[in-house]
Amino acid sequence: MSRLLAVLGMIVVFAVGLKLLPFDLREFVANTEAAQEASGSFELQASGNSGACAVTRGREIGPGLAELAVEQNCDDIYPGIEKARFWQDKADGSVVFTATGADAILTFGVADGIAYESYLPVTPLVTLASVE
């Protein structure tokens, strides 16, 4: 009986904890789905750099994998990004720019107010804003 009460108590504490979190799961899922459906042109900017450049998510070439076109001057914004050839959508909503489909050059998460923010590498913070 005491085990049952302990389990019920843990369930109640967990449920109350979820209600108190300042996190809306429905909003997160909607933002993730909208970002994954995004295609077309984006503006890439890096913190500490006043410039911007264009990147384009191209046609899908496989499940979760699309071509990526990076404007030539993007190397001035984020050195090494000119090697990126693929846009890879991950199940958690993140996006990875890769040269071969396996090596991550930049990894982005869905951001609030803009399309994506980088989280790997940690610095500099790189943003991708959808251009309509």
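This is a predicted model: local features need pLDDT of at least 70, side-chain atom pairs count only at pLDDT 80 or more; totals for chains, interfaces and linings use all residues.
Strand 5 spans residues 95-98. The side chains of V95 and F97 point to one side of this strand, while those of V96 and T98 point to the other, and all four are buried. In a regular strand the side chains alternate between the two faces of the sheet.

Strand 5 pairs with strand 4 (residues 86-89) in the antiparallel sense, over four bridges. Within this pairing, Q88 stands opposite V96. The hairpin formed by strand 4 and strand 5 has five residues between the strands, and G93 adopts a positive phi near 95 degrees in it. Strand 5 is also joined to strand 6 (residues 104-110), again by four bridges and with the two strands running antiparallel. Here V95 has F108 of strand 6 as its bridge partner. Strand 5 and strand 6 likewise form a hairpin with five residues between them, and G101 in the turn has a positive phi of about 95 degrees.

The largest nonpolar core contains 23 residues. Those with the most contacts inside this core are L44, V55, I81, W87, F97, F108 and L128. Two or more residues are contributed by each of strand 1 (40-46), strand 2 (53-62), strand 3 (65-70), helix 3 (74-77), strand 5, strand 6 and strand 8 (126-131). F97, one of the residues with the most contacts in the core, lies on the side of strand 5 to which V95 also points. When neighbours within four places in sequence are left aside, L128 is in contact with F42, E43, L44, V55, W87, F97, F108, I114, A115 and Y116. Among these partners, L44, V55, W87, F97 and F108 are themselves listed with L128 as having the most contacts inside the core.

T127 also lies in strand 8. This residue counts as buried because its relative accessibility is 16%, under the 20% limit. Not counting residues up to four places away in sequence, T127 touches E43, L44, Q45, I114, Y116 and E117.

Y119 belongs to strand 7 (residues 116-120). With a relative accessible area of 39%, Y119 is partly exposed, since this value falls between the limits of 20% and 50%. Together with L120 and V122, Y119 forms a nonpolar patch on the surface. The accessible area of the three residues together is about 300 Å².

Key
Residues are numbered from 1 along each chain as its sequence is written. Side-chain values use heavy atoms; hydrogens and water are left out. Buried means under 20% relative accessible area, exposed over 50%, partly exposed in between (1.4 Å probe, protein chains only). Two strands pair if DSSP finds at least two bridges between them. A nonpolar core is a set of buried Ala, Val, Leu, Ile, Met, Phe, Trp, Tyr and Cys residues joined through side-chain atoms within 4.5 Å. Contact means heavy atoms within 4.5 Å. Patches are made of residues with over 30% relative accessible area and no salt bridge: like charges are joined within 9 Å, nonpolar side chains (Val, Leu, Ile, Met, Phe, Trp, Tyr) within 5 Å. Accessible areas come from the Shrake-Rupley method with a 1.4 Å probe; for residues, only the protein chains shown count as cover. A salt bridge is a side-chain nitrogen of Lys or Arg within 4 Å of a carboxyl oxygen of Asp or Glu.
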